[in-house]
Amino acid sequence: MTQKTGRVDDRYSTNEKYTTLRGIHRDAQRHLSETEWNYLWCGTGDEVTLKDNVAAFDRYRFNTPMFAGIDNPDTRTKVLGFDLSFPAFVAPFGGEAVFHPEGHLALGRAAQAVGIQQMVPVASSHSLEDVAAASSVASVFQMTFVGDEDAVLEMMERAKAAGYKYICVTYSPIRQWRERMMEDRFSIRGEKGPANFGAGRSDPAALVELLDFTRPRWNWQQAARAIARAPLPCIVKGITSVKDAQAALDAGAAGLYVSNYGGRTVDRTPAALDVLPSIRKAVGGEVPIIFDSGIRRGSDIVTALALGADAVALGRLLALGLAADGEYGVRRTLELLQREFWTTLGHFGCSRVEELSEANLYQP
Ligand SMILES: Cc1cc2nc3c(=O)[nH]c(=O)nc-3n(C[C@H](O)[C@H](O)[C@H](O)COP(=O)(O)O)c2cc1C
């Protein structure tokens, strides 16, 4: 059953294969080899940031005032002009054919069924056109600002022609220190990488280019120029400080994406959740903020929104859904997340998503 209306069926009894995210996690682990599991769960260095991202959520507690709860909260919201059945996007995660051959094609179909939108990475296992054709919700195309500016602009034009509505800009200066992958000698394009990675791409050369860390790096001035020339509005991902949030807005960003890539870039950077409140306070209430890194259940979406996010993006959770059972596993993951989000709103007495605030968080 889909829940595009924002109303949720909250009965425990169901004929669905999965009744909790735990069951999906278990199946995903059964289906993936150890090397594939490590690709999904690797962070960098000692994986301190990866752990901190989750620990940051665990530090928060909620208020549930008596006689305030309601049974009809509405989980719908509008972010970046999109109507969402609940405040979530599919995060742009690449190499996803490792988890299921249908990758972002399945992610898009599941997102459409549930009523949310999809961000598609340049490193997807499928071409941006194929992903766009698979559903009506492939709306944000993620790409790195690197190398020749005209080539970057051309890629954006290609995304626009395929129907994407936003560009998600990222910056990745140098290869990351991922020891699990180093121990496994796992390379997404190497011998131990999945044979089908890149199989669906219309231009496999783009992947090789993406992993070419010798191309010229950009600065904020170049980014601002490309954003000004871009055929689509740009949101900037990887924001973890007030300074970068301001720089992104000065460069013309239409929205901010607070994220440390799930602890996959540099270890010992702060938990994404810990930097979120100061960024929201600094930029004011009007700037759209997407958040990811550390969301593990529906109530985490509540915490992120109470601390200033407008919506979250879901990475590893949806990769688990994909690995567990393709499109169905992703859809079920999204439904369970929406249901838990709905339940938490109901206990708070929030009838609308926009009512969530820091007042819902317990202050000792
Ligand atoms: C397997 C995997 C591949 C990823 N590939 C990309 C990518 O190509 N581009 C990108 O912007 N982020 C990428 N990410 C980061 C996700 O978009 C997202 O920021 C991250 O998963 C959030 O952390 P969480 O899943 O622990 O909540 C990847 C994440 C994973 C797990």
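In the predicted model, an oxygen atom of the ligand is found 3.5 Å from a polar backbone atom of Gly-262. For Pro-92, a backbone N or O atom is placed 3.0 Å from a nitrogen atom of the ligand. The ligand is surrounded by 23 residues. Gln-142, Lys-237, Asp-292, Arg-296 and Arg-316 are the closest of these.

Arg-316 also takes part in helix packing, on the H13 side of the contact with H2. Helix H2 spans residues 34-41, and its axis comes within 10 Å of that of H13. The two axes cross at roughly 155 degrees. This angle is over 145 degrees, so H2 and H13 are roughly antiparallel. H2 contributes Trp-37, Leu-40 and Trp-41 to the contact, while H13 contributes Arg-316, Ala-319 and Leu-320. The contact has 5 nonpolar residues, 1 charged residue and no polar ones.

H13, residues 316-348, packs against H12, residues 298-306, as well. Here the angle is about 55 degrees and the axes are 7 Å apart. H12 is therefore oblique to H13. The crossing of H12 past H13 is right-handed. On H12, the contact is formed by Gly-298, Ser-299, Ile-301, Val-302 and Leu-305. On H13, Leu-337, Glu-340, Phe-341, Thr-344 and Phe-348 complete the contact. By class, 6 residues of the H12 contact with H13 are nonpolar, 3 are polar and 1 is charged.

Definitions and conventions: Residues are numbered from 1 along each chain as its sequence is written. This is a predicted model: local features need pLDDT of at least 70, side-chain atom pairs count only at pLDDT 80 or more; totals for chains, interfaces and linings use all residues. Side-chain values use heavy atoms; hydrogens and water are left out. Axes are lines fitted to C-alpha atoms, for helices over the stretch in contact, and angles run from 0 to 180 degrees between N-to-C directions. Helices (H or I, at least four residues) and strands (E, at least two) are DSSP runs, numbered from the N terminus. Angles under 35 degrees count as roughly parallel, over 145 as roughly antiparallel, 65 to 115 as roughly perpendicular and the rest as oblique. A crossing is left-handed if the near helix is turned anticlockwise from the far one by less than a right angle, and right-handed if clockwise. Contact means heavy atoms within 4.5 Å. Ala, Val, Leu, Ile, Met, Phe, Trp, Tyr, Cys and Pro count as nonpolar, Asp, Glu, Lys and Arg as charged, and the others, Gly among them, as polar. A residue is near a molecule or strand if one of its heavy atoms lies within 4 Å of it. A polar contact is a pair of N or O atoms within 3.5 Å; within protein, one must be able to donate a hydrogen and the other to accept it, and residues adjacent in sequence count only if both atoms are side-chain atoms.
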